[in-house]
Amino acid sequence: MTKTSSLSPIHVIGGGLAGSEAAWQIAEAGVPVVLHEMRGVRGTDAHKTDGLAELVCSNSFRSDDATSNAVGVLHAEMRLAGSLIMRSADANQVPAGGALAVDRDGFSIAVTAALESHPLITIQREEVTGLPPEDWDQAIIATGPLTAPSLAEAIQARTGADSLAFFDAIAPIVHTQSIDMDICWYQSRYDKVGPGGTGKDYINCPMDEAQYNAFIDALIAGDTTGFKEWEGTPYFDGCLPIEVMAERGRETLRHGPMKPMGLTNAHNPTVKPYAVVQLRQDNALGTLYNMVGFQTKLKYGAQAEIFRLIPGLENAEFARLGGLHRNTYINSPTLLDRSLTLKGRPGLRFAGQITGCEGYVESASIGLLAGRFAAAERRGETPSLPPETTAFGALLNHITGGHIVSDDEPGKRSFQPMNVNFGLFPPLEPGTVTKPEGVKRFRGKDKALAKKHATAARALEDCARWLGR
């Protein structure tokens, strides 16, 4: 696009992956940018350098398979959109099988060099301690999970006391189609019909006494992760890890989140379950269910192994595994509009992990969208939203309104961060996936893989059309 400096600059706060990508997209659209980064003036507990887009944890961008993996589809869409983050990752790739992993120093150096050399980007090393002033009529906050306390306090003061979370208590989320409904059944406790409910709002997984005891033994023996020194130990009421509850007494879970009261096994009504694991619908599409009360510090491998001991979840596919860690993020569905703008403050957008997404690529992709939206507005255009069938659109929909509000647990946050996954995409049209010629049985893993291929192909086709490619 033709570059020009006649327009007023857009201010981007935060030089992580989201902020760096937002700044790049804005500048490439011909709009000046001022990128504010506090590292160089003030450090964080996790960063080691002053480089932009520093990777503080893993060096992996996860799967690069754009045919059957949702994050791979997101990679491909970002490449189509001219992503600086993906360009720098591709240029600094290291061997990692089917994953895209990078030399972390080389990656950060490449991003920093590109931004420093762009004629429309100015980098200011300074800490922004409050919300952008009113004369910054277009601004993006992309400060991530390590947002400085002063800025976090300003965001909280502007948006409300319950708008910002500082610790993320995550329960695992399961793809609905992978749950064995020959074992499980739909029912709300005591058939309660809450607002918008039917009395069958939960999926229930029954356990007999032997199964329950084996599950408790596995929980107690499971390998857990520790908190980083700067995180502290943020256990508080309602967010105890399930393995900690198990350690407090063998019957604790059976009288807590796994209590069987008010439930009747539809497959075996005369036998009372000894314990029940409940899953609650997690997204408006009904493609994902979360395990109620199952926040955990178990390592991911242990989680998958232990939770598949639960009857009905033997073949469960997890859209997200559980965790409990430091993570500053806003309650985006109530605070942001579809273009990531703060309601009541035109021109102020949020991007990256602070909006409620997980992962390097997801954070960068939301920065990419925020940058494109802001640039469009600066040029006097209406932001063009990506189709919900794309990875961009599916993730944006999750952040800005695809969650389910929990009516039976008032006060609990129903919106939590998530990686991109196929459970966030709208279902395929009926008849899209058909049995291949000559195949007698087309179900299970083969059918699931075919659906992923079709969903990925639809996403990339719709994304290319949205981008005008």
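Which strand order does the open sheet of six strands have? Reading across, the order is β10-β11-β12-β13-β9-β14, with antiparallel pairing. Strands here are DSSP runs (E, at least two residues), helices are runs of H or I with at least four, both numbered from the N terminus, and two strands pair if DSSP finds at least two bridges between them.

Before going on, some housekeeping: this is a predicted model, where local features need pLDDT of at least 70, side-chain atom pairs count only at pLDDT 80 or more, and totals for chains, interfaces and linings use all residues. Residues are numbered from 1 along each chain as its sequence is written, and side-chain values use heavy atoms, leaving out hydrogens and water.

Select β10 (185-186) and β14 (318-320) next: they stand at the sheet's edges with a single partner strand each, so one side of each has no neighbour in the sheet. For β14, go to β9 (residues 173-175), which pairs with it in the antiparallel sense over two bridges. Pick Ile 173 and you'll find its bridge partner, Arg 320, in β14.

Now show helix α6 (residues 209-221), which packs on the sheet and touches β11 (202-207) and β12 (275-281). A contact means heavy atoms within 4.5 Å.

Stay on β12 and click Arg 280. Arg 280 is buried, at 17% relative accessible area (buried means under 20%, with a 1.4 Å probe and protein chains only).

Definitions and conventions. Axes fitted to C-alpha atoms, helices over the stretch in contact; angles between N-to-C directions. Buried < 20%, exposed > 50% of the residue type's maximum accessible area, 1.4 Å probe, protein only.
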